[in-house]
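Here's a quick briefing to read with the model open on your screen. Take a look at the fold before you go through the notes.

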Amino acid sequence: MDRDWHAWHADYDDPDSPLSHRLTEVRRQVGAALDRAPAGPLRALSLCAGQGRDLIPVLAEHPRRADVTARLVELDPRNAELAAEAVRAAGLTRVEVVRDDAARTDVWADLVPAEIVLVCGLFGNMTDADVRAVVRHCGPLCATGGTVVWTRHRNAPDLVPAICDWFAEEGFALLSLTGPTFPSAVGTHRHTGPPRPLPPGVSMFEFVR
């Protein structure tokens with residue numbers, strides 16, 4: 001997609017921006033997912049992680065931080081480096097930032113299924129068919145009992161109801177969804193279905209204009 005994803009992050013620094021409001025809600029849901037996760041080691045995945053603002057600050061302050069092994073995958077080199085700097089500054093030794101294409105299932109193969117899967121900032125940048133494909137792959141990515149947090153704009157035609165239906169079809173139960181007046185939908189689903197293998201060598205999605 002022909003967009004400067006480094007510059008795109010600037011709106012996060014404006015506390016009144018819709019993107020900042022979305023970030024606050026995503027972080028709240030990530031913290032809640034950590035709170036309800038079972039005792040013991042945890043795994044977290046962040047697809048198209050950008051500068052890591054969804055996950056890194058939450059882990060840095062959470063009592064479960066030492067339990068979490070996380071992988072953030074980001075293709076933009078500037079964003080990936082900023083995320084890596086944030087990880088180092090927070091002392092999160094079990095968190096890695098990988099510069100790669102997060103659409104490739106092979107990037108995640110050795111860390112699935114995970115207790116927390118972040119799919120934030122993706123669904124507004126791909127075809128509806130690819131959104132459906134990502135939801136389908138969230139089953140293998142997410143452990144039974146684990147949490148998926150996702151976002152999507154509410155522009156017409158509003159795809160959010162369909163996304164919720166697709167998660168239900170894949171064995172996910174809705175935990176939380178921001179209302180229609182919120183600038184961007186933030187959804188949280190718990191995986192109730194059985195474990196499924198992640199297919200190798202698959203590209204789950206492609207960003208489009």
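Two strands count as paired when DSSP finds at least two bridges between them. With that in hand, Val-148 stands opposite His-189 in E7, and seven bridges tie E7 (residues 184–191) to strand E5 in an antiparallel run. Keep in mind that this is a predicted model.

**Strand E5 and its partners**

- E5 covers residues 142–153 and is mostly tucked away, with nine of its twelve residues buried.
- Besides its antiparallel pairing with E7, E5 pairs with strand E4 (residues 114–119) in the parallel sense, over five bridges.
- What sort of unit do E4, helix H5 and E5 make? Together they form a right-handed β-α-β unit, with H5 spanning residues 128–141.

- Val-112 and Pro-113 are joined by a cis peptide bond, with omega at about 0°. Pro-113 sits in the loop between strand E3 (95–99) and E4.
- There's a cis peptide bond between Ala-156 and Pro-157 too, and here omega is about -5°. You'll find Pro-157 in the loop between E5 and helix H6 (160–169).
- Cys-48 isn't a glycine, yet its phi is positive, at about 50°. This cysteine, Cys-48, belongs to the loop between strand E1 (42–47) and helix H3 (56–61).
- Is Cys-48 buried or partly exposed? Its relative accessible area is 23%, and buried means under 20%, so Cys-48 counts as partly exposed.

**The nonpolar cores**

- The largest nonpolar core holds 34 residues, and Trp-108 and Phe-123 have the most contacts inside it.
- A second, separate core has 25 residues, among them Leu-42, Ala-44, Val-68 and Cys-120.
- Which residues does Phe-123 touch, leaving aside those up to four places away in sequence? They are Val-131, Val-134, Val-135, Trp-150, Thr-151, Arg-152, Ile-163 and Phe-167.

Conventions
Residues numbered from 1 in each chain as written. Predicted model: local features only at pLDDT ≥ 70, side-chain atom pairs only at ≥ 80, totals over all residues. Heavy atoms only, no water. Buried < 20%, exposed > 50% of the residue type's maximum accessible area, 1.4 Å probe, protein only. Helix = DSSP H or I, 4+ residues; strand = E, 2+ residues; numbered from the N terminus. Right-handed = clockwise from strand over helix to strand, strands pointing away. Core = buried A, V, L, I, M, F, W, Y, C linked by side-chain atoms within 4.5 Å. Contact = heavy atoms within 4.5 Å.
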